[in-house]
Amino acid sequence: MYGVVHFTTGSLNMPIDKSDPNPNQSKASKFRWGELEEDDNLDFLLPPKEVIGTDENGIKKVIEYKFNDEGNKVKITTTTRVRKLAKARLNRRAVERRNWEKFGDAVHEDVGSRLTMVSTEEIILERPRAPGMKAEEIKVPGDSLAQLSKGGAVLMVCRTCGKKGDHWTSKCPYKDLAAPVETFVDKPVASEASVAASGSGKGAYVPPSMRAGAERTAGSDMRRRNDENSVRVTNLSEDTREPDLLELFRPFGAVTRVYVAMDQKTGTSRGFGFVNFVNREDAQRAINKLNGYGYDNLILRVEWATPRAN
Amino acid sequence: MRPILMKGHERPLTFLKYNRDGDLLFSCAKDHTPTVWFADNGERLGTYRGHNGAVWSCDVSRDSMRLITGSADQTVKLWNVQTGAQLYTFNFGSPARSVDFSVGDKLAVITTDPFMELTSAIHVKRIARDPTEQTEESELVIKGPQGRINRAVWGPLNRTIVSAGEDAVIRIWDSETGKLLREADKESGHKKTITSLTKSADGSHFLTGSLDKSAKLWDTRSLTLIKTYVTERPVNAVAMSPLLDHVVLGGGQDASAVTTTDHRAGKFEAKFFDKILQEEIGGVKGHFGPINALAFNPDGKSFSSGGEDGYVRLHHFDPDYFNIKI
């Protein structure tokens, strides 16, 4: 490894023969006292190996110095994390079994085989959440807030599928969902059944989520219900943006989505927007309090987004 | 917890079994080679080469010296656990599905699938202490149930055999005469194929999992239904904790729902339920495919799951698992 050619010996029992003219590369042979000395000479140019012991996080660092192929000094830092596995108090036979020889396909197992590895992710036993509070929903206000905080950038919201930032309503790839949204608003069960029945009656393909007896995922239910708790705000000033609406409506309750209609050409507000609440009661209170409220020298009009009969 | 991933099998897992001392884990898969791993760190110890078909189940003797495996190549083989050598081969006329050693390891119950003209059957074989004395003959052959028998296990004191299968009915047979002693009530029983069955640590009750998205807990002596656990997915594997009153269900996904799944990967989970309250405690995600096998370490401090993705995931519980309260 040091750019020195080592002479090889066939087996460790052969007599040392320095006059062997066979210049094959091989691992350092301990019997070659000539080479041994050279090793030492080079070695003490290198600083000694350091071991920074296991600290309270279980991190252990080993710093070694070597010469690489070009003869340059190289510092190698190996950081390992020592984890204590569950303590196994094994009985005597189990301890014996630990020393059994490998057999079958495991015989030729090299150390580098990646058959067994510890997962890089920490997996937890996820407790089920109370119904109506699924993990996705909790993240949604966080998402919309994050997007809004990007400086009032235009929030592309598609009204059909509710996906943010991806496409506008007219470009929605799920255009066919438009019908179910409305039917859900009025009579969810009846329309679902009729859609499914008519679909299958015609022999058309009915996706499993719309078949009779299919359970709707709570996630999409939540989205629909949120659209039912949608409040329309009109007579907004030109400068009003999503963060402003959010700040204005947040005191009334959890807000899942805010949207301000923007004029693409001028970048100003078109004067109206929508706010979706998690709870209907919060939306109702917001309407009661903010309708007629003076905001940025205009009187706001706040009402339900679609006329609510119930 | 940080599960240990073991990818020794190239095909889906079918069965997992811990030995009595809890230091070895045996895994069977469709790739013809049962494998044994150390249960603490997941290191592979060896593989048992010899089968020519998918290995459906296995069982290990109490002293961890003998392994019995049932395979789709119509044989059941006895192996020396330590060396991997084959000791004996039982030949059948159809694929062997479930194998189980009796208490004392002197007998084994083996089920075979219906195949061509043969109906499914339950065979009881005597296992000799010395493999050279092993004979092929069956002590008892029980025929009768329709459809595949997915699992047959010994009842308390080896007096009875409990079987469950595709016809969704659990049956208890007398192990000496082969007479049908009890059948599960049709009304309260499962509605679809029973895929898995596991006994409690003391054998007084057992749990069955079925494709009807539920698992049921039964009393072994009277075959009365004690509890039912409902999930959203068909249940492929069940396990009971020997330490706490927890039940784990592992499942899959209806084939018809495959194309409309959401794109999240690694989201097949093993669901934990409180055994008595029947409520869900939580789920452990991670598998990339339906979970086909579950097993608890006899000390109750770890469990492993095997999936359709060929991975075995070995989980050692965090200390707060033992403090879970509903």
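Accessible areas are computed by the Shrake-Rupley method with a 1.4 Å probe, and for residues only the protein chains shown count as cover. On this basis, chain B exposes about 12900 Å², of which carbon and sulfur atoms supply 48%.

The model is predicted, so local features need pLDDT of at least 70 and side-chain atom pairs count only at pLDDT 80 or more, whereas totals for chains, interfaces and linings use all residues. Residues are numbered from 1 along each chain as its sequence is written, chains are lettered from A in the order in which they are written, and side-chain values use heavy atoms, with hydrogens and water left out.

Chain B has 28 strands and zero helices; strands (E, at least two residues) and helices (H or I, at least four) are DSSP runs numbered from the N terminus. Of its 326 residues, 62% count as buried, meaning under 20% relative accessible area, with exposed set at over 50% and partly exposed in between (1.4 Å probe, protein chains only).

Leaving aside neighbours within four places in sequence, S102(B) is in contact (heavy atoms within 4.5 Å) with L107(B), W154(B) and N158(B).

M116(B), together with F115(B) and L118(B), makes a nonpolar surface patch of about 300 Å². Patch residues have over 30% relative accessible area and no salt bridge, and nonpolar side chains (Val, Leu, Ile, Met, Phe, Trp, Tyr) are joined within 5 Å, like charges within 9 Å. A salt bridge is a side-chain nitrogen of Lys or Arg within 4 Å of a carboxyl oxygen of Asp or Glu.
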